[in-house]
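Please read them alongside the sequence and the coordinates.

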Amino acid sequence: MFGGIEGGGTKFVCAVGTGPDDIHAETRFPTTSPAETLDKAIAFFKEHGALDAIGVACFGPLDPNPASSKFGRIMPTPKEGWTNADVVGALRSAFDLPIGFDTDVNGAALGERRWGAAKGLDTFVYLTIGTGIGGGGLVNGRLMHGLIHPEMGHILLPHDRACDPFDGVCPFHGDCFEGLASGVAMEKRWGRRAETLPSGHPAWELEAHYIALALSNYVLTLSPQRIVLGGGVAGQAHLFPLIQRKVQEILNGYVQSPKVLGEIGDYIVPAELGGRAGVLGAIALAELAST
Ligand code: ZN
């Protein structure tokens, strides 16, 4: 039995179970101070009996490297009070259990591999496009880490200001991918929330253009076996054919794989775990930590 914590910037979701069809208990509460929030999570797990491991899929940036002195902590973040918060330390002081700790997107990627759209794959990208944009995934069967962890939402893309004079919203880079294509960027550019824009609106053509540029870069740098898109914007089914066609146009026959050339509908796909990706990802991280 595993405990999972989806640590979000606005809410925490905790669950006890083993997978999508076997969740025994679940609770959610707003993210307040680290001490208060983590105490609530600890109290929830204490109520629900013996666990084999706990997994945390958390907002970042964070330190996921067990060999680092800052392992388990949140790195400098605009989220008030959370810079340097010791998430794993708090759990370890309450439970003598293996603790898995990773980014929300790496957690979601692991969940998609275990139960969703990336079953059986060992090298793939999971990208969430919502309020912000984040990416993770596995390479050769291992979650992507390295220096810290990937920040795929902040890659730089060609930005034709004659077509799109919008400056972008990223506080660090202005017109990086997230700055141009996140839900926040769409709302600021078009003056209304993305989900209220009709499917024929030019906003979607532009959105698909930026997403396709980013995905083409991931195809060229990571050679993923599949790309899984989650988050609110990616939940727009009409976007997928646009993105798929544009990726083929951008790559222009250079990547000689049938997946890209002919089977792209099975190559760039929607996530299958939907709104449960976070907490199921956390349970998948717990399962991984227990092995
Ligand atoms: Zn950025």
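1. Phe45 and Phe95 are both buried, a term used here for under 20% relative accessible area, with exposed meaning over 50% and partly exposed the range in between (1.4 Å probe, protein chains only). The model is predicted, so local features need pLDDT of at least 70 and side-chain atom pairs count only at pLDDT 80 or more, while totals for chains, interfaces and linings use all residues. Residues are numbered from 1 along each chain as its sequence is written, and side-chain values use heavy atoms, leaving out hydrogens and water.

2. Rings of Phe, Tyr and Trp (its six-membered ring) pair if their centres lie within 6.5 Å, and planes under 30 degrees apart count as stacked, over 60 as edge-to-face and the rest as tilted. The count is 6 aromatic pairs. The pair of Phe45 and Phe95 is edge-to-face, because the ring centres are 6.4 Å apart and the planes stand at 75 degrees. Phe45 belongs to helix H1 (residues 34-47) and Phe95 to the loop between helix H2 (87-94) and strand S5 (99-103), 50 residues apart; helices (H or I, at least four residues) and strands (E, at least two) are DSSP runs, numbered from the N terminus.

3. Phe12, Phe29, Phe59 and Trp82 form one aromatic cluster.

4. The largest nonpolar core has 39 residues, of which Leu127, Phe177, Leu215, Leu229, Ile243 and Ile268 touch the most other members. Such a core is a set of buried Ala, Val, Leu, Ile, Met, Phe, Trp, Tyr and Cys residues joined through side-chain atoms within 4.5 Å. Two or more residues come from each of strand S6 (124-129), helix H4 (177-181), helix H6 (202-222), strand S9 (227-230) and helix H7 (239-251). H6 gives the most, with 12 residues. Apart from this core lies another, of 29 residues, including Phe29, Val56, Trp82 and Ala90.

5. The zinc ion has as protein donors His154 (ND1), Cys170 (SG), His173 (ND1) and Cys176 (SG), at 2.0 to 2.4 Å; donors are N, O and S atoms within 2.8 Å of the metal (3.2 Å for Na, K and Ca), and sites may look incomplete because water is not among the atoms. The angles among the 4 donor atoms are 103 to 121 degrees and the site is tetrahedral, which for four donors requires all angles to lie between 85 and 135 degrees. Along the chain, the donors follow the spacing H-x15-C-x2-H-x2-C.

How values were computed:
Four donors count as tetrahedral if all angles lie between 85 and 135 degrees; four count as square planar and six as octahedral if opposite donors are over 155 degrees apart and all others between 65 and 115; anything else is irregular.
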